[in-house]
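Please work through the following exercises with the sequence and the 3D structure open beside you. Try each task before you read its solution.

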Amino acid sequence: MSGALSGLSSSGEIDSTLPTRKLLAVGCRILSLHGHDDFNQGQISARRHDSPDFLIKVAQRGFDDACPDDMVACAVAQDAVVPPEAPPEAPLHQAIYAARLDVGAIVHSHAESATIFGATDLQIVPISHEGAFFKDEVSRFDETSHTILDHDTGGAVARALGQKSALLLCNHGLVVVAATVRRAVILTLMLERACRLQLLAESLQRSYRTTRDEEVEKKRRYIYSDVAIRNYWNHAAQAACRAFPDAQEWRSPA
Ligand SMILES: [Zn+2]
C-alpha cells in the first residue's frame, strides 16, 4: 500500500508535515468509507496555524470526492466575507471556532445512526467501548432541525455544545470537535458506532449491561489514548487509500 492517501511515511507513521488540506482530504475519504456521505452535504474543517482562518470542504464536493484543492479558507470572524465556494453551514464552524479556542478541527455529518439517535431522548451509555468514551460527552441541539445557515443559529449550536466533544443536532446529524483533524475524524466514526450499537441494544427490548464507571475511565485512558487514536487513524487511512486509489498523488507533503 502506498502511503499516498493516508499521508503515511515509509516507516508507516503519519507524516506530521502533511499539509492541513491533505489531512482534510484524507479525513473526507475516511468519513465516506464509514458511511457519512449525504450527497455533497456535511463538512470537515480545520484551523490554519499560520492565519486566523480555517480551511473547510467546499460546498460542491462530498466526502467521497473531495481533494486537497477542494478546501477553501474561511474567516472565523462573522463580519468577514465568506467565499462563495464555502458551504452554507460555514456559520456553524465559525461559531464553534470563535467559542472554543481548544478546537482545531470540526466534523459535521448527516450520519444515519447519529441522526436517528439524536431524534430520541436517549443519552449515550457505555454499552460499547465507544459508548464509554462518549458517556456525558454529547450535547443535544433542538432549537431547529434545519440547516445551520446564520450566525445566530451557529452561536446557539456552539452554546449547546459547550465544552463537550460532540453534539447531536436533532433530526439533522452530528457535530464532533477535537484538537486535530485525525482525532475529529476518528471520534466521528466512534460516535456513529456508539449510536448504532445502542440503538440496536434498545431495539431488542431486553435489559442490557453497561460498563462500570471505574472501567469507563480505564477505557478512556487506554483504548482511546492519543497513541491509540493515532493508530486508529493510520488504520483507517490505509483502508481509505485502498478504496480511493485516485489520491495516490497526495503522498508528497509539499
Ligand atoms: Zn447539515
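**Exercise 1: The buried side of a helix**

Among the elements that cover the buried residues of helix H5 are helix H2, strand E5 (138-141), strand E6 (166-169) and strand E7 (173-178). The structure is a predicted model, and the exercises should be read with that in mind.

Task: Find which residues of H5 are buried, and decide how they are arranged around the helix.

Solution. Begin with the burial cut-off, under which a residue is buried if 20 or more other C-beta atoms lie within 10 Å of its own. By this count the buried residues of H5 are Gly 154, Val 157, Ala 158 and Leu 161. Next, recall that an α-helix has 3.6 residues a turn, so residues three or four places apart point the same way. Finally, look down the axis of H5, where the buried residues fall within an arc of 100°, so they line one face of the helix. Just after H5, Gly 162 takes a positive phi of about 60°.

**Exercise 2: H2 against H5**

Task: Describe how H2 (residues 90-99) and H5 (residues 151-161) cross, and state which residues make the contact.

Solution. Two packed helices are described by the angle between their axes and the distance between the axes. For this pair, the axes come within 8 Å and cross at roughly 50°, which makes H2 oblique to H5. The crossing of the two helices is right-handed. On the H2 side the contact is made by Pro 91, Leu 92, Gln 94, Ala 95, Ile 96 and Ala 99, while H5 contributes His 151, Thr 153, Gly 154, Gly 155, Val 157, Ala 158 and Leu 161. Sorted by class, the residues of this contact are eight nonpolar, five polar and no charged.

**Exercise 3: Two partners of H8**

Task: Work out how helix H1 (residues 20-33) and helix H6 (residues 181-203) are each set against helix H8 (residues 226-243).

Solution. Take H1 to begin with: H1 and H8 pack at an angle of about 80°, with their axes 9 Å apart. Angles of 65 to 115 degrees count as roughly perpendicular, and H1 and H8 are therefore roughly perpendicular to each other. In this contact Val 26, Arg 29, Ile 30 and Leu 33 of H1 meet Ala 236, Ala 237, Ala 239, Ala 240 and Ala 243 of H8, and the classes are eight nonpolar, no polar and one charged.

Now take H6, whose axis comes within 9 Å of that of H8 and crosses it at roughly 80°, which makes H6 roughly perpendicular to H8. Here Arg 182, Arg 183, Val 185, Ile 186 and Leu 189 of H6 are in contact with Ile 229, Arg 230, Tyr 232, Trp 233 and Ala 236 of H8. This contact has seven nonpolar, no polar and three charged residues.

**Exercise 4: Positive phi in loops**

Task: Locate Asp 136 and Asn 171, and say whether each is exposed or partly exposed.

Solution. As background, most residues other than glycine have a negative phi. Asp 136 has a positive phi of about 65° although it is not a glycine, and Asp 136 sits in the loop between helix H4 (129-134) and E5. Since 10 other C-beta atoms lie within 10 Å of it, Asp 136 is exposed. Asn 171, likewise not a glycine, has a positive phi of about 60° and belongs to the loop between E6 and E7. Asn 171 has 13 C-beta neighbours inside 10 Å, so it counts as partly exposed.

How values were computed: Residues numbered from 1 in each chain as written. Predicted model: local features only at pLDDT ≥ 70, side-chain atom pairs only at ≥ 80, totals over all residues. Axes fitted to C-alpha atoms, helices over the stretch in contact; angles between N-to-C directions. Helix = DSSP H or I, 4+ residues; strand = E, 2+ residues; numbered from the N terminus. Parallel < 35°, antiparallel > 145°, perpendicular 65-115°, else oblique. Left-handed = near helix turned anticlockwise from the far one by under 90°. Contact = placed C-beta atoms within 7 Å. Nonpolar A, V, L, I, M, F, W, Y, C, P; charged D, E, K, R; others polar. Buried ≥ 20, exposed ≤ 12 C-beta atoms within 10 Å, placed from the backbone. Arc of directions from axis to C-beta.
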